[in-house]
Amino acid sequence: MKFLFRLSRSYVNRSLLQVLLTGLFLAGLIYFVHSEHLQVWQMRAVFNSVHTGWLAAGFILCIVYIVLQAALYSYAFKSVGAVVPLSTSLQLFLKRNFVSTFLPAGSFTSLAFFEDELDKHKLNRTQIRSGSFLFVVASMVSVFVIAIPAYGILLLGNHLRSIDLYALAFLVALLFSMVYIARSIIRQHGFIYALLMHYFPGLAASVDELRQQYFHTRMFLVAILISIAIELVGVVHLYIAMAALGVHPSIAASFVGYVVMVIILSVSPFLRGMGAIEVSLVYILSLYGQPVLMAASVTLLFRLFEFWIPFVAGLLSFFLRRGNILLRFFPAGFMLLLGIVNIISALTPAIPERLRLLAEFIPFSVTQLSTAAVLVLGVILLVASAFLLTGARNAWKIALVVSILSLIGHLTKAIDYEEALLALVTIIVLLYTSKAYFVKHDIAFQYRAAGKIIIAVVILLVYAVIGFSVINGHEEGIRMSLRESFTESIKTMVFLTGSIRLPADTGNHFLMSVQAGSVLIIAYILYVFMHLSRNHAPDKDETEKAAKILEQHGNSSLDFFKVYPDKQFFFGADDNAFISYGESQHYAVVLEAPVAPDEATAQQLVCQFEEYCREQGLRTFYYRVSEAHLALFEDLHKKSILIGQEAVVDLDAFNLAGSDRKSLRNGIRKAEQNGLHVDIHKAPLAPDVMQALKKVSDNWLQQEGHRESGFTQGIFDETIVQQHTVLALRDRDNNLLAFADVIPDYRAGEATYDMLRYIQDIPNGSVDFLMVKMMEYFRAEHYRTFNMGLAAFAGFDNPSNMSEQVIRFYRDHFKQASRFKGLYEYKNKFGPVWENRYLVYDQLYDLLRFPAVLKNLSDPE
């Protein structure tokens with residue numbers, strides 16, 4: 001049945017199936033945590049008596065076990081002529097093994113996940129599914145092979161139970177059923193094939209592909225041998241578990257116990273046999289003379305080797321990949337937690353026993369300093385945690401240094417090893433994710449501020465010394481030399497309690513004022529250290545150079561906006577190509593692809609720009625990239641996502657005939673009857689025309705949901721609009737109702753426009769009328785096509801992956817996205833050809849940041 005499930009899956013709603021499996025996964029996770037937490041806790045007691053040598057051998061064998069599983073995947077795919085690197089197979093096994101724990105019949109249903117990770121190795125769907133199927137078959141054959149001698153041992157020892165026979169019978173039946181179904185489908189005969197073609201006739205093409213699929217028998221035999229080796233590793237693991245706990249190990253008990261366990265695992269419908277495996281294994285070991293308590297301990301240690309370590313490795317394979325979105329939040333979360341712990345730890349009493357022990361090695365003054373330092377470091381940690389989310393390199397440096405100081409401070413404050421352990425984990429996480437923090441800071445600003453900081457520290461120190469001197473002269477019983485005043489000032493500034501008792505009111509207010517000054521200086525230091533570098537505006541020469549290149553090599557409807565005032569430029573070495581981009585929130589957002597004479601130059605320029613951005617501490621987006629330009633980013637291993645489609649109308653083919661244009665035709669006729677007409681104003685525009693356009697534009701901006709938006713479109717800048725040809729829609733009294741300004745389109749034979757603005761009470765159908773007249777004008781000017789611009793979220797009617805499914809759901813069910821759907825439907829009635837546009841990015845975290853980044857760029861304010 002698994003074969004049928006895998007074969008028909010492409011014809012079922014794939015996304016819905018994965019959502020369903022994911023739901024079951026989460027439900028299983030909840031049940032798993034609830035049912036298995038005691039077992040995890042009990043492992044602590046097991047380790048108290050374990051033999052470290054045997055334990056180390058078990059851990060090493062775990063690595064061998066995981067590598068063998070990866071090799072099994074590799075050879076299963078080789079059996080169908082596909083080459084998958086061991087590293088990819090390793091990730092595939094770890095992830096599928098992890099999710100299989102929480103899925104019903106997890107060994108089978110987990111194969112529905114992570115197929116996309118094999119796409120980059122040029123495997124087709126038939127190879128992916130056939131290879132995964134053979135992985136399961138090889139695993140079951142190996143179980144059957146080692147089960148025969150194990151059941152012989154049970155039979156000879158008169159320990160064979162009826163339930164063991166049932167499990168073996170089910171396994172054999174399942175294996176032969178899978179072989180029978182596969183033969184029936186591939187050879188296209190028999191009951192199964194007829195049933196499949198009756199209910200799923202659309203699968204005929206896939207069956208044909210499967211029949212033609214290359215099969216390498218020798219590679220599959222190697223896969224079976226590897227699978228047998230995996231089972232033998234499991235037997236050795238059980239033997240090691242007994243030896244590690246001081247139990248007399250038995251090869252027979254290890255062999256039989258493992259086989260019974262793996263058969264239960266193979267036929268288990270849920271949670272990979274949890275509970276049933278433990279009970280059966282304890283029973284088998286007790287048959288060989290082991291006390292129940294010791295048998296249970298051996299079982300727990302064995303499960304650590306065979307289940308828990310691969311399980312945790314699978315979990316880490318999800319979360320500890322560089323670039324994983326969660327890794328952008330983990331360091332900040334750890335920093336925030338460590339900061340809170342530091343503050344609480346500094347403000348709560350230390351454990352007396354630890355203080356007495358510490359006093360034998362460290363003076364009390366050092367302990368006092370550590371307590372104050374931990375408190376201050378806690379505050380710094382809270383601030384730095386927020387800056388970590390920006391990817392700031394200095395924030396990472398501060399976080400690392402402060403975490404190291406916190407580790408030392410907790411140990412020297414009161415041997416607080418619990419807090420120190422958290423600091424150590426934070427240090428490890430920060431070091432692991434170091435490459436994610438690259439945003440540079442304004443070094444020139446920091447150098448300028450350094451002098452101010454020194455002056456501020458000197459002023460505060462002088463104030464403190466004078467203050468102590470004044471108290472020394474006016475308060476009885478307080479006698480301090482200048483040196484003592486200086487020492488007390490330093491202690492107060494670093495939040496230490498001085499050795500001289502000051503008067504309650506005056507003294508406390510004075511000490512608070514000095515420490516408040518220290519806090520302000522620390523805050524300013526953090527501000528200076530975190531101050532980010534600013535982007536520079538292009539000069540006139542750069543704009544002119546970009547415009548010249550554009551005239552030579554421009555080929556897009558958006559090229560006009562690549563030299564708009566809100567853009568920056570990155571030029572090639574030969575000054576024959578450039579990239580147009582904007583900076584926002586430490587991202588460089590490139591408008592489309594480079595303007596270049598050829599693809600090779602464009603690809604080289606993209607690589608140079610990526611290196612430049614890395615040096616500047618910027619991440620990159622490429623916005624509204626055409627399908628033809630996606631190849632520019634293949635070598636950079638970037639990701640892409642469909643964001644919408646551009647509507648391009650064939651002007652020669654466009655007309656108002658046909659039933660599908662009836663409403664449009666009626667609207668045009670009505671507009672003409674009402675005396676509407678379109679005037680064409682050539683550039684440069686007259687002052688009275690500009691005044692009328694400004695009035696309509698202001699009215700349009702006052703309407704709900706309308707605002708100026710830049711980057712991929714223009715704003716009403718009179719100096720720019722005045723240089724454009726404008727189509728003005730007027731009523732019979734010559735009042736201006738709407739206008740559209742024509743902008744240069746560098747795509748050969750194509751015309752486009754920028755702004756289309758209208759007054760609030762414009763008659764129905766008026767905009768349609770203006771649009772049709774604009775097409776007629778462009779056709780008269782000998783243009784072949786008319787670009788109507790982007791319809792965001794268009795092109796998702798047949799989503800190909802989960803991301804597109806989510807976008808489609810958002811577009812169709814959320815009120816905020818209704819305007820995007822309406823825009824698509826409006827443009828679609830003109831019968832355009834829809835061209836896909838993409839966003840190219842690096843990581844999922846970047847994708848989540850993109851809406852805010854683009855909004856900031858598009859806001860002209």
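## A proline in a loop

P684 has its place in the loop between β6 (677-681) and α26 (687-702). In this predicted model, the peptide bond that leads from A683 to P684 is cis, and its omega lies near -5°. Most peptide bonds are trans, and most residues other than glycine have a negative phi.

## Positive phi values in two further loops

H637 is exposed, its relative accessible area being 67%.

Another positive phi, near 65°, belongs to F793, again a residue other than glycine, and F793 is found in the loop between β10 (785-792) and α29 (802-813).

## Helix α31 and its kink

Helix α31 is made up of 15 residues, 844-858, and from its first C-alpha to its last it reaches 22 Å, which is close to the 21 Å expected at 1.5 Å a residue. Where in α31 does a kink lie? The kink, of about 40°, is at F850, shortly before the proline P851.

F850 itself is buried, and in α31 the buried residues also include Y845, D846, L847 and R849. Further along the helix, V853, L854, L857 and S858 are buried as well.

## The crossing of α3 and α4

Helix α3 (residues 52-78) and helix α4 (residues 86-100) have axes that come within 8 Å and cross at roughly 110°. Because angles of 65 to 115 degrees count as roughly perpendicular, α3 and α4 are described as roughly perpendicular to each other. The crossing of these two helices, α3 and α4, is right-handed.

Which residues of α3 meet α4? On the α3 side they are Y65, I66, V67, Q69, A70, A71, Y73, S74 and F77, and the residues that they meet in α4 are L86, S89, L90, L92, F93, L94 and R96.

## The chain as a whole

The secondary structure of the chain comes to 31 helices and 11 strands, and of its 861 residues, 50% count as buried.

Terms used: Residues numbered from 1 in each chain as written. Predicted model: local features only at pLDDT ≥ 70, side-chain atom pairs only at ≥ 80, totals over all residues. Heavy atoms only, no water. Helix = DSSP H or I, 4+ residues; strand = E, 2+ residues; numbered from the N terminus. Expected span 1.5 Å × (residues − 1). Bend = angle between axes of the 7 residues up to and from the residue. Buried < 20%, exposed > 50% of the residue type's maximum accessible area, 1.4 Å probe, protein only. Axes fitted to C-alpha atoms, helices over the stretch in contact; angles between N-to-C directions. Parallel < 35°, antiparallel > 145°, perpendicular 65-115°, else oblique. Left-handed = near helix turned anticlockwise from the far one by under 90°. Contact = heavy atoms within 4.5 Å.
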